[in-house]
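Could you walk me through this model, residue by residue where that helps? Here is a guided tour, with the cut-offs given along the way.

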Amino acid sequence: AQIKEISGALLFLNAKEGQQALLNSHEFIKSELVKQKTLSKPQVERLLDVLASADLLVDNLQNKQPIMQSMFQVALNSSQNLKATA
């Protein structure tokens, strides 16, 4: 649920790719919980990629650093890979 809430914050910050990456991750986690499956190490690493991009966005905003759109593309790719493994 918190991942979905963070996705809303990213939408507010106009980070649409980041928002979509978090929504994809949320759906993946929800689906895996329903199936009662344990996440693999690569799946956890992909989830961490997505969360790291959101964290980096917040850090950059706090420190008045430029926002790199490429970090959201990495997050989006990782979340799409998760959906493919579900």
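**A walk through the model**

Asn14 sits in the loop between helix 1 and helix 2, where helices (H or I, at least four residues) are DSSP runs numbered from the N terminus. Before going further, please keep in mind that this is a predicted model, in which local features need pLDDT of at least 70 and side-chain atom pairs count only at pLDDT 80 or more, while totals for chains, interfaces and linings use all residues. Residues are numbered from 1 along each chain as its sequence is written, and side-chain values use heavy atoms, with hydrogens and water left out.

Let us stay with Asn14 for a moment. Most residues other than glycine have a negative phi. Asn14 is also exposed, because its relative accessible area is 56%; here buried means under 20% relative accessible area, exposed over 50%, and partly exposed in between, with a 1.4 Å probe and protein chains only.

Lys64 lies between helix 3 (41-62) and helix 4 (69-85), and has a positive phi of about 55 degrees without being a glycine. With a relative accessible area of 76%, Lys64 is exposed.

Now back to the loop that holds Asn14. Leu13 is found there too, between helix 1 (2-12) and helix 2 (16-35), and is partly exposed, with a relative accessible area of 37%.

How do helix 1 and helix 2 pack? Their axes are 8 Å apart and the packing angle is about 170 degrees; axes are lines fitted to C-alpha atoms, for helices over the stretch in contact, and angles run from 0 to 180 degrees between N-to-C directions. Helix 1 and helix 2 are therefore roughly antiparallel to each other, given that angles under 35 degrees count as roughly parallel, over 145 as roughly antiparallel, 65 to 115 as roughly perpendicular and the rest as oblique. On the helix 1 side, the residues in contact are Ile3, Lys4, Ile6, Ser7, Leu10 and Leu11. They meet Lys16, Gly18, Gln19, Leu22, Leu23, His26 and Ile29 of helix 2, where contact means heavy atoms within 4.5 Å.

Charged pairs come next. Side chains of opposite charge can pair when their charged atoms come close. The structure holds three salt bridges, each defined as a side-chain nitrogen of Lys or Arg within 4 Å of a carboxyl oxygen of Asp or Glu. In helix 2, Glu27 and Lys30 are three residues apart, about one turn of the helix, and their side chains meet at 3.7 Å, N to O. Glu27 is partly exposed at 41% relative accessibility, and Lys30 is partly exposed at 43%.

Lys35 and Glu32 form a salt bridge at 3.5 Å, N to O. Being three residues apart in helix 2, Lys35 and Glu32 are separated by about one helical turn. Is Glu32 buried or exposed? Glu32 is buried, with a relative accessible area of 2%, whereas Lys35 is partly exposed at 42%. In helix 3, Lys41 and Glu45 lie four residues apart, about one turn of the helix, and the closest N and O atoms of their salt bridge are 3.8 Å apart. Lys41 is exposed at 63% relative accessible area, and Glu45 is partly exposed at 41%.

Asn24 in helix 2 is buried at 5% relative accessibility. Not counting residues up to four places away in sequence, Asn24 touches Leu76, Ser79, Gln80 and Lys83. Pro42 in helix 3 is partly exposed at 41% relative accessibility, and its C-alpha atom is 9.9 Å from that of Asn81, 39 residues apart along the chain.

How values were computed:
Helix = DSSP H or I, 4+ residues; strand = E, 2+ residues; numbered from the N terminus.
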